[in-house]
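Take a moment to turn the model around before reading on. Then follow the text from one site to the next.

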Amino acid sequence: MTMTPSKRHAPSELKESRTHGLRRINLGNNWSVTPSTNHLQVPADISGRTFTAAVPGCVHTDLLAANAIRDPYIDRNDELLQWIGETSWQYTCDFTWQPDGADHIELCCEGLDTVAELRLNGKLIGNADNMHLGYRFDLSNSIRPGANQLVINFAAPLPYAETMQKRMGALPYAGTGSNTPHPHNMMRKMACNFGWDWGPVLLTAGIWRPIYIESWSGARIDSVRPLITRADTDFAAIDVMIDLGAGTKLEGYQVNVTLTDPEGKHVAAEAFANLSKVVDGQPVQLEVTKPRRWWPIGYGEQPLYTLTVSLYAESNETELQAWTRKIGLKTSRLVTDPDLAEHSLGKGSTFHIEVNGQRVYCKGANWIPDDCFPTRVTPQRYRSQIETAVEANMNMLRVWGGGIYEDHAFYEVCDELGVMVWQDFTMACACYHEDDPFASWIDAEARYNITRLSSHASLVLWNGCNENVLGVYEWSEDWRDMRANGKPWGLKYYLEIIPSALSDLDPSKPYWPASPYSGSPDTHPNAEEHGNCHIWDVWNGEGNARNYLSHYPRFASEFGFHGPPTFPTIERSIPEDQRYFDSPAMIHHNRHAGGQSLANERMADYFIPPDNFDDWLYLAQVVQARSLAMGVEWFRALSPWNSGVLYWQFNDCWPVASWSAVDGDQRRKPLWYATRRFLADRLLAIRPAHPTPNGASFGPLAAYLHNDHPKSWQGTLVVMLHTVTVDSPELLKTIEVDVPPRGSLKIDLPPDLLLSPDMFLVGQIADTRAYWWPHPDHLVSYQPAELSFQISNPHVGIYQIGINSQTLVRDLCIFADRLASDAQVSDQLLTLLPGESTCIYIHSHEELSESSLTRYPILQCANNFGLK
Ligand code: BMA
C-alpha cells in the first residue's frame, strides 16, 4: 500500500529510542542485489549475478564494492554506467523473526530510492514511489515465525520517468547542463541524480535510509514536533506536539514530557494522562524561565536542551517507548516589510532573518548533496564539511532544492555549531504537474519532512523551490508559455500546499515560496529591491566579475564563478595524458553547458589564458576567488540594504570543475581561503561609491566597513595609493572611524582619482586590509616577486614557512597538496607589500620536501602573469 498521511512513518527519531513496549529489529544486514530485467544493455559479466548489498546504500556502491564496475568518478567511466539507471534491481533480505504477541508488526522504511514494490514471503506488502518520504507497511498478514524473506523490486528509474512523461505530458525542465537531458521532474527522486550542471547522470536505486521492523501493542508515538513559540530573555515556551501511530488505543496510556538543560538539570516537565488530547492536536506546553537561548554562530551560544517524551501504560507504569532529541530554544522570523522611505538604491521590501528578534546578517553558501550517492556521506564527513564552512566564517547554508531534505546528521552538526539552515523543498529548475499523483506526493513529502526536521534549532527558514518562478518568467519560450497562458506549473505547491502543511505542522518557522522570489507571483522574482535574488547574468552572461557591481540585491541567495578542483583531485580523476584545459576528460569533468571555453573567456577578463596547464589551473582558481570577492564584498558593502550573501556553491558531489569552494574530494580550493577573508566579521572593502552599470567605467570610489560583530569597530582608516613599480605610496585618506555593532559605514574617497594600470589602492584599519585593483592583471607591469623563506618543521606533520617579500607579491599560493595529497596550507592567495612578512603553516601526514615547497609550480603568484 502506498503511504497515506495517516500511515506516515515517523522519521528516524525512533531509531534512538530504547523501548520496552516497542520492539525494533534492524534490517540492515544480509541483503543482496541483482539486476532483475534482462535488458540487453546489462553487461554479460553482471547479468544474472547476485551481489552483496549494503543497506543503507545503493546499486552503484554495491557494484563498486564487488569490483563489478569502474569508478564513475574517474575519467569518463560514468558514461559506461548509464545502463544502471535503465535496469530494474531486486534487493533481497533473509531474516528470522520470533513472534512477540504484539498487535502491530510494521516494516519501516526511512528512504527507498525510488519506485519500489515490496513483498514479504511472496506476498505484496506495499509500494513506494517517493524517495523523499518514509514508509510504514503492515506485516501482520505476511510475517511468519522463523525464516522470512523480504524482497524489494526497484523499477528502472529512467524508463519510469519517461513513461510518466508520456502519460502525464511533458513539462519544461532545466539544470542538467551538458548532460543528456532527462526529465527529472517526472518522479520524486533527487533531481540532480539525473545529472546537473555540476554533476553526472548516475541514476541509482536502493534502500538509502534505515529499514527495520517495529512491533508494538496498544499505543505508539509516531513523531514529536517541539515547536518553540517564544524565546525571550526571560521566558521560553515550547508546544510539544505529539503524533500517535495509526491504530493507537487512547485509553490507558499516558505521555510524560521532560526537558533538561545542557548540563542535564531538570527544567520542565508535563504529563498528559489522556491521549485523546494528543489526538486533538493539543500541545504539551513547557515553559522555561531564564532560558539559555540558541543563537547563530557569532551571535551567542548554542546551548542544547534535551527533550524526552515517554509513553507509559497507566496500569503498570511501564515505559513503552521514549523519544529523545536535543533542541535549541530559539525563534526565527523572515522580515519582508515594505520600505517606508525611498533608499538611494530604490524602494521595495526587506528580506532579512531575525533570530530571537535580532536581525542576523547571513553569510554562507549553497549546499548540494555531498556525493552522487548520499549514503556515502557519513556523519563524520558531514561534520568535517560543516566545520570547514564555519572555519570560512559562514553562518548559513542553504540546502538546495535539487537535492535532498538533509539528514539528521547534517542538522545535528549545524545545531551544535550555530550554522543557520535554509532548507528548500525539493523542487528545482522545473515545472511540475499539479494533479495526482504529484499533488499527493508533494503534500505527503512536505508533511513528512516538516515533521522530521522541525525539532532542529538550526533550521531557520523553509523555502518552496529553486528557480521555478524565475523559469516561467525568464527562461525559454516553453517555460514562459506556462505562466503567460495560465497553465499549471507548480505554483500551487509553493503558495498553497506547502504553506498549508507548515501551518498544520510547524507554524513556528518562516517560509518563503521560492528562491528567487519577490513576495508576489506577479512581481519579477529577481527584482533586486524585493526579496531574494539569483545573480547569474555575471558568470553566464555579461562575464566580467566587475559586473556584480551593477547589482544591488536585498539578499543574494545564489551567484557564483567557476573554478577547477585542486590538483590532487584532478590527479585522481583525470588521466595524466588528459591534464590540459580542454582535454576530453577535463571537459567531461565540467558539466556546465558553457564548459571549459567559458572558463577561459572569464579568465581573459584578468589574464591572458596560458597554454601551460599548471599556470592555467592556478589562474582559473585565482579568477574564481577574486570574482566571488568582487561580488560578496560589494553586497556586504550595501548592508543594511543587503542582508545576506549565499554564494553558489559550497561543495561538490564528485571531482568536477564547478562553482564550489570545496572540491569533490573535500579539498579546499583557493576560493575557500578568500571566503574566510571576505566573510570575516569585520570587512573593509574599496568599491565604487554607487552601483556601476555593466561595462561603464568606475566613478568615484568609497571605502566600506561592514561590522558584523557585537562590539563597535573603532580605529584609524588609512587609504593609500600604490604603484606596482615604485614603492612610494601616497596618502589618500585618513580618518577615525567608529562603526556601530552590526553596523556599516561608507567613507567617500577623493572623487577625482585617475588610476593608471599600475596603480592600486590599499585601505587599512589595524589588521584589516582592503585592496582595490582597478585594471586587469594583463595590463599591470608587476615586478618579479623577490621572496625569502624560512622553513622549519617544528613538529612532526607541521611545516612553518616564514615569508618575507622585498617587492609587492600578489595572490601567492603554496600548493603543498601537489607534494602530498592530504597536505593542507593554513592560508593561500597572500598579497604582501614591499618589505612585509607573514608566516603560514602546512599540515601533512607525509613528509614534504622543504625545498620543493617554494619552487614552481608548488609556489605561484600573480606577478608572473602581468603585462608582458
Ligand atoms: C542555479 C542553481 C543550480 C545550478 C546553478 C549553476 O540555477 O539553482 O540549479 O547548478 O545555478 O548554474
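The paragraphs below start at the ligand and then move to other parts of the chain.

This is a predicted model: local features need pLDDT of at least 70, side-chain atom pairs count only at pLDDT 80 or more, and totals for chains, interfaces and linings use all residues. Residues are numbered from 1 along each chain as its sequence is written, and side-chain values use heavy atoms, with hydrogens and water left out.

Which residues are around the ligand? They are Trp196, Asp197, Trp198, Trp400, Cys429, Asn466, Glu467, Trp536, Glu558, Trp648 and Trp659. A residue is near a molecule if one of its heavy atoms lies within 4 Å of it. By class, this shell has seven nonpolar, one polar and three charged residues. Here Ala, Val, Leu, Ile, Met, Phe, Trp, Tyr, Cys and Pro count as nonpolar, Asp, Glu, Lys and Arg as charged, and the others, Gly among them, as polar.

Now look at single atoms. A polar side-chain atom of Asp197 lies 2.5 Å from a ligand oxygen. For Trp198, an N or O atom of the side chain is 2.7 Å from an oxygen atom of the ligand. For Trp536, the distance from a polar side-chain atom to a ligand oxygen is 3.4 Å. Taken alone, the ligand exposes 310 Å², and the protein buries 94% of that. Such areas come from the Shrake-Rupley method with a 1.4 Å probe; for residues, only the protein chains shown count as cover.

Gln649 lies in the loop between strand E32 (644-647) and helix H15 (670-678). Helices (H or I, at least four residues) and strands (E, at least two) are DSSP runs, numbered from the N terminus. Gln666 lies in the loop between E32 and H15. Its phi is near 65°, a positive value in a residue other than glycine. Most residues other than glycine have a negative phi, and most peptide bonds are trans. The cut-offs are under 20% for buried, over 50% for exposed and in between for partly exposed (1.4 Å probe, protein chains only).

Thr114 is found in the loop between strand E6 (112-113) and strand E7 (116-120). Asn121 is found in the loop between E7 and strand E8 (123-128). Phi of Asn121 is positive too, near 50°.

Next, go to Asn532. This residue sits in the loop between strand E29 (511-512) and strand E30 (533-534). Asn532 counts as buried because its relative accessible area is 0%. What does its side chain meet? The side chain of Asn532 makes a polar contact with the side chain of Ser557 (3.2 Å). A polar contact is a pair of N or O atoms within 3.5 Å; within protein, one must be able to donate a hydrogen and the other to accept it, and residues adjacent in sequence count only if both atoms are side-chain atoms. A polar side-chain atom of Asn532 also lies 3.0 Å from the backbone nitrogen of Tyr517.

Finish at helix H5 (residues 408-417). Eight of its 10 residues are buried, so H5 is largely enclosed by the rest of the structure. Among them are His408, Phe410 and Leu417. Just after H5, Gly418 takes a positive phi of about 80°.
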